[in-house]
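Hi,

Here is the structure I promised to pass on to you. Have a look at it first, and then read my notes below.

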Amino acid sequence: MSLGYLFGGGVGSEPRGVELYRAYPGVQALYSQVAEWTGLTVGQILDEDLPTPPEIRQSVGTIRESVHAIAVHDALAEKGLRPAVLGGLSLGGMSAAALAGAIDRRALFEMLAHARNAPDRPADSPEQGLALAFEPIADTTGRYRGADHPGVYLAGQFGPTTDGATRILMLSGERAALEQLGADLPQDAVIQLPGRSMAIHSPLRGHFRTFMAPYIDAMPFTDPALPLISCLDRKILVSAADVRDTFQRNPTAPISLPYLYDAMKDEGVRLGLIMGGSIPDGVLRFPFPVVHVDRPEHLEQALTTVFDLGVDISPRVTR
């Protein structure tokens, strides 16, 4: 019965990790390292406004989210907590790969910084966006998934809500097509996400995947030292080639939170710690208890829950 860490994949514009940075000298050292690796200042990573150009904004946002999630991991490690199993959604899967020993931290952040050089899509291309869809569990028509709607793609599955009545999906694609889908379905069945101008996890990010492919091909991946769960497939990543493949496919492949937590349950996870704030608290159903760890006060809650549940935190034998 073990401890699993789940890393979210959201890339928001809000400041991340300020309280943690102020509370832990080790976290301050991590941010200084990442600033050196990426050419950013600590302030740019931590809490300054993100730049306007889309690809640069996305790059800095991913660095901000990833360093915060890794900082949470490091702060927990200072208190004696280490995961037996790791997994993450999208960017979170990359952060998890670094913590599982499949890629060096510096290599990860240098890759995220390199992404700022990706070309923007043509100015005359349709506007893109993201939306959340709330599909009744009993609805088996598939009409909420957008597969039959040109310009709309199923980008992610987050599983059922806590009451078991609804499943939450992420839709990605052309903004006009997403808005039309929302108009065709019951009110509030599809909610457009403001400020999201990239159709992530869809074929519309093919140009970005092509740009990043040679860089990822040259990255020094190794076999994970701990069980590392994929969010793209129902599998555990056991080789360097497995991890490289997920990095390559991540921009255009849909993600699945149930893939992560189902595999963690199979691996004996009794408690999941969710790193950062990108997976909403109290909304989704998990097959084991979870604690969201985002700020310093959450660390004590995590410790208390670990000991209350009697979760084994002894070091896991590496693969």
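What follows is a short tour of the packing and the aromatic rings. Please keep in mind that this is a predicted model.

I began with the nonpolar cores. The largest one has 66 residues, and Leu76, Phe247 and Leu273 have the most contacts inside it. Helix 4 (residues 54–78) supplies the largest share of this core, 9 residues. Leaving aside residues up to four places away in sequence, Leu76 touches Tyr5, Leu81, Leu273, Met275, Val293, Leu299 and Ala302. There is also a second, separate core of 26 residues, which includes Cys231, Leu232, Tyr261 and Val269.

Next, the rings. The count comes to 4 aromatic pairs. One of them is Phe221 with Phe247, edge-to-face at 4.9 Å centre to centre and 75° between the planes. Phe221 lies in the loop between helix 8 (206–217) and strand 7 (228–229) and Phe247 in helix 9 (residues 240–249), so this pair ties together parts that are 26 residues apart in sequence. Both Phe221 and Phe247 are buried.

Tyr261 and Phe286 have ring centres 5.4 Å apart and planes at 65°, so they too are edge-to-face. Here Tyr261 sits in helix 10 (residues 257–266) and Phe286 in the loop between strand 10 (269–275) and strand 11 (290–293), 25 residues apart. Tyr261 and Phe286 are both buried.

The charged end of Arg205 sits over the ring of Phe208, 4.4 Å from its centre. Thr305, in helix 11 (residues 296–309), is buried, with a relative accessible area of 19%, and touches Leu271 and Val291, not counting residues up to four places away in sequence.

Best wishes

Notes
Residues numbered from 1 in each chain as written. Predicted model: local features only at pLDDT ≥ 70, side-chain atom pairs only at ≥ 80, totals over all residues. Heavy atoms only, no water. Helix = DSSP H or I, 4+ residues; strand = E, 2+ residues; numbered from the N terminus. Buried < 20%, exposed > 50% of the residue type's maximum accessible area, 1.4 Å probe, protein only. Contact = heavy atoms within 4.5 Å. Core = buried A, V, L, I, M, F, W, Y, C linked by side-chain atoms within 4.5 Å. Phe/Tyr/Trp six-rings, centres within 6.5 Å; stacked < 30°, edge-to-face > 60°. Lys NZ or Arg CZ within 6 Å of the ring centre and 35° of its normal.
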